[in-house]
Amino acid sequence: MANKFNIKMVTPDGKKLLDDCEILNVVTSTGAMGIMAKHLPLVAVLEISHLEYKKDKEVFRYSIAGGILNVQKDETIILVESFEKPNEIDLNRALASKERAEKRISSNDPNIDLKRAEVALKRAINRISLVK
């Protein structure tokens, strides 16, 4: 049996996930990374991406909206803007969000916050790809 470690994922609005796992896979600003028990301490910036972890031969997947990863001796803390399981994602809403963001980006309207529209597009695409 593989060594396990605790993970705690928390959002600013108080949504929490507390579990233990054998391996945690994340995408940081410097690339994809796998975390296992007894990993060296680490702090990293998480990208808008998928997060997955394995526990007892079962894989759990989440869409995350960026955040911070803090790996400690026997616990990993994940602070994220939001996280969703595939069954929590409304595909039609995500598709509509993607379409709105694409229209904003292509509008050439000087009043559009382009950075915000790009982030909205990336989040929508991330949600859609987890469900499909």
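Helices (H or I, at least four residues) and strands (E, at least two) are DSSP runs, numbered from the N terminus. On that basis, the protein has two helices and eight strands, in the sequence pattern β-β-β-β-β-β-β-β-α-α. This is a predicted model, in which local features need pLDDT of at least 70 and side-chain atom pairs count only at pLDDT 80 or more, whereas totals for chains, interfaces and linings use all residues. Residues are numbered from 1 along each chain as its sequence is written, and side-chain values use heavy atoms, with hydrogens and water left out.

**Overall dimensions and burial**

- The C-alpha trace spans about 55 × 25 × 25 Å along its principal axes.
- Of the 132 residues in the protein, 33% are buried. Buried means under 20% relative accessible area, exposed over 50%, and partly exposed in between (1.4 Å probe, protein chains only).

**Nonpolar core**

- A nonpolar core is a set of buried Ala, Val, Leu, Ile, Met, Phe, Trp, Tyr and Cys residues joined through side-chain atoms within 4.5 Å.
- The largest such core has 18 residues, of which Met9, Leu24 and Leu51 touch the most other members. At least two residues of this core come from each of β1 (5-10), β2 (16-21), β3 (23-28), β5 (42-55), β6 (58-71) and β7 (75-80). Strand β6 supplies the largest share, four residues.
- In soluble globular proteins, nonpolar side chains tend to be buried together.

**Surface patches**

- Patches are made of residues with over 30% relative accessible area and no salt bridge; like charges are joined within 9 Å, and nonpolar side chains (Val, Leu, Ile, Met, Phe, Trp, Tyr) within 5 Å. Accessible areas come from the Shrake-Rupley method with a 1.4 Å probe, and for residues only the protein chains shown count as cover.
- A nonpolar patch on the surface consists of Val43, Val45, Ile68 and Leu79, which together have about 340 Å² of accessible area.
- Leu79 belongs to strand β7 and counts as partly exposed because its relative accessibility is 45%. Leu79 and Val10 are separated by 69 residues in sequence, yet their C-alpha atoms are 5.1 Å apart in space.
- Arg93, Arg100, Arg104 and Arg116 form a positive surface patch. Lys and Arg count as positive and Asp and Glu as negative, while His and the chain ends are not counted. The place of a charge is taken as NZ of Lys, CZ of Arg, CG of Asp or CD of Glu.
- Helix α1 (residues 91-106) gives the most to the positive patch, with three residues. Arg104 is located in helix α1 and is partly exposed, at 33% relative accessibility.

**Salt bridges**

- A salt bridge is a side-chain nitrogen of Lys or Arg within 4 Å of a carboxyl oxygen of Asp or Glu. The structure holds nine of these salt bridges.
- Asp56 and Lys4 are joined by a salt bridge with an N to O distance of 2.7 Å. Asp56 lies in the loop between β5 and β6 and Lys4 in the segment before β1, so this pair ties together parts that are 52 residues apart in sequence. Lys4 is partly exposed, with a relative accessible area of 28%.
- A salt bridge also links Asp20 and Lys55, whose closest N and O atoms are 3.1 Å apart. Because Asp20 is in strand β2 and Lys55 in strand β5, the pair ties together parts that are 35 residues apart in sequence. Asp20 is partly exposed, at 22% relative accessibility.
- Glu52 and Arg61 form a salt bridge in which the closest N and O atoms are 3.1 Å apart. Both side chains belong to partly exposed residues, with relative accessibility of 25% for Glu52 and 42% for Arg61.

**Backbone features**

- Most residues other than glycine have a negative phi, and most peptide bonds are trans.
- Lys38, which is not a glycine, has a positive phi of about 65°. Lys38 occupies the loop between β4 (31-36) and β5 and is exposed, with a relative accessible area of 64%.
- Asp56 likewise has a positive phi, near 50°, in a residue other than glycine. Asp56 is partly exposed, at 46% relative accessibility.
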